[in-house]
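I opened the model today and kept notes as I went. The entries follow the order of my look-ups.

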Amino acid sequence: MRIHILGIAGTFMSGIAILAKQKGHEVSGSDNVCYDPIRSILEKQKIVVKLGYKNKDLVNKDLIIIGNVMSRGTPIIEYIMKNNIPYTSGPKWLNQNILKNKKIIAVSGTHGKTTTTSMIVHIMKENKLNPSYLIGGDPIGSMKSAHLTNTEYFVIEADEYDTAFFDKQSKFMHYKPFILIINNIEFDHADIFKNIDDIIKSFHHLIRLVPPNGKIIINDNDINIKKLLKFGCWSKVVTINSKKNSGDFIISKNNNNYFISNKRITCKLPENLLGYHNNLNAASAIAVCSQLKLPINKQIKQIKSFQGVKKRLELLNGIKSRIVYEDFAHHPTSIKLSISTIKEKYKNNKLLTIFIPGSNSMQLGTHNNSLVSSLNESNLVLIVTKIKMLKALAKNNNKINVIESISQISQYLVCNDDINIVLILSNKNTNEIKEYLK
């Protein structure tokens, strides 16, 4: 089949392209821009990407897979519908063509999905289980962002964002998980959800898809997950808790070291995991793989070789003048966690956080009340934005400066030459920013 994908440069849709190619289809795609690493990944797979959305690129295609970046009124969408060209969404295509014959391990939650999914795949691969998978990010090392195998398991990052302009249910409603992880639930995606109860309702619909012999692994410290479970649950719940003797898996901290325990064993978590949130992600991955009868102490050894995911507290190479980390954080909670983690690791150092807001929730001002307090965890902050609401928030704050152009970063660093740690926070492309830090 000849498949063309609209919005191919996103991490999810590029993964769909890779899986379709591995399934034996002829695959191409279109997008407005296509940056590395996605561009290089697709080139290696010999998947042609056209820049811009042109009707001529759809000629002689058997099926169009439409990403949720596309909307009604876009000329190419109107052309597809007017000419009755067959189309579907990425999640629906995945369900009908690949997932229906697999045992699905789905990783959901507001934060930590990409890292947790990558850890699970890494542990399973190290144990020769060789799962198929789709990760919404780019793992560091030899692991790809998507891969199709002949084994029974498929590990997938399960996003609550909507599916497509013609299918407004959450993507994860197409996955029918056998094992479901819920890391946390907070209000986000204000462009499609009205409030936190609206998000909890969507997660409740997901829980209804887990079979009675399946497992739901939860962060038992999360108040919204507890609220969710009150609406009903028909599968075995496995809990991860930070309170002593109160969960199936317990995560604890002692002298800057993190530990994970169950009823039989306590193990120290590897020191390559930065911060509580990444140790919690590891606990979720261990809880999942324990359901597959993999010993905890063996999993711990394998996590030591886990190299992480690009843009998830990634230490950047090639910047000699200072230490620079990059993180995907774009929600106040994840922003605060990322900053606190770097501050804890590099005590007595001056941290500059460069924040580039890009999410729809940030554009709408949804997180205004908590954003400044999260950013204030850093010694200094640069917000790169033209959004008037964010400019107003930073007014009269000695720590926070707002700039409209990334070219102003160089001058700021010249005036603050005692900054030796930089943390870049954004869900947007940041390649140009890195050049100003060298």
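Which strands does helix H8 lie across? I first noted that the model is predicted. Helix H8, residues 275-291, lies across E6, E12, E13, E14, E15 and E16. Its angle to E15 is about 150°.

**Sheet.** I then traced the sheet under that entry. I found an open sheet of 10 strands with mixed pairing. I wrote its order down as E8-E7-E9-E6-E12-E13-E14-E15-E16-E17. E8 (146-147) and E17 (266-268) are the edge strands. Each has a single partner strand, so one side of each is left without a neighbour in the sheet. Phe259 stands opposite Lys268 in E17.

**Helix H5.** Is H5 largely enclosed or left open? I found 12 of its 14 residues buried, so the rest of the structure largely encloses H5. The buried residues include Lys113, His122 and Met124. Among the elements covering them are E6, E7, E9, E12, H8 and H9. I also checked the length of H5 (residues 113-126). At 1.5 Å a residue it should span 20 Å, and its end C-alpha atoms are 20 Å apart, which agrees. Lys128 follows H5 with a positive phi, near 65°.

**Cores.** Next I looked up the nonpolar cores. The largest has 46 residues. Ile5, Trp93, Leu134, Phe154 and Tyr175 are among those with the most contacts inside it. Helix H1 (residues 11-22) gives this core its largest share, 7 residues. I listed the neighbours of Tyr175, leaving out residues up to four places away in sequence: Phe12, Pro91, Leu94, Leu99, Ile104, Ile156, Glu157 and Ala158. A second, separate core has 39 residues, including Ile123, Leu280, Leu294 and Ile300.

**Aromatics.** How many aromatic pairs does a search of the whole structure find? I got 6. I followed up Tyr87 and Phe166. Their ring centres are 5.0 Å apart and the planes are at 70°, so the pair is edge-to-face. Tyr87 is in E5 and Phe166 is in the loop between E10 and E11, so the pair ties together parts 79 residues apart in sequence. Phe165 and Phe166 also pair edge-to-face, at 4.9 Å centre to centre and 90° between the planes. Tyr87, Phe165 and Phe166 form one aromatic cluster. Phe166 is partly exposed at 31%. Phe165, at 18%, counts as buried.

Note on methods:
Residues are numbered from 1 along each chain as its sequence is written. This is a predicted model: local features need pLDDT of at least 70, side-chain atom pairs count only at pLDDT 80 or more; totals for chains, interfaces and linings use all residues. Side-chain values use heavy atoms; hydrogens and water are left out. Two strands pair if DSSP finds at least two bridges between them. Helices (H or I, at least four residues) and strands (E, at least two) are DSSP runs, numbered from the N terminus. Contact means heavy atoms within 4.5 Å. Axes are lines fitted to C-alpha atoms, for helices over the stretch in contact, and angles run from 0 to 180 degrees between N-to-C directions. A nonpolar core is a set of buried Ala, Val, Leu, Ile, Met, Phe, Trp, Tyr and Cys residues joined through side-chain atoms within 4.5 Å. Buried means under 20% relative accessible area, exposed over 50%, partly exposed in between (1.4 Å probe, protein chains only). The expected span of a helix is 1.5 Å times one less than its number of residues. Rings of Phe, Tyr and Trp (its six-membered ring) pair if their centres lie within 6.5 Å; planes under 30 degrees apart count as stacked, over 60 as edge-to-face and the rest as tilted.
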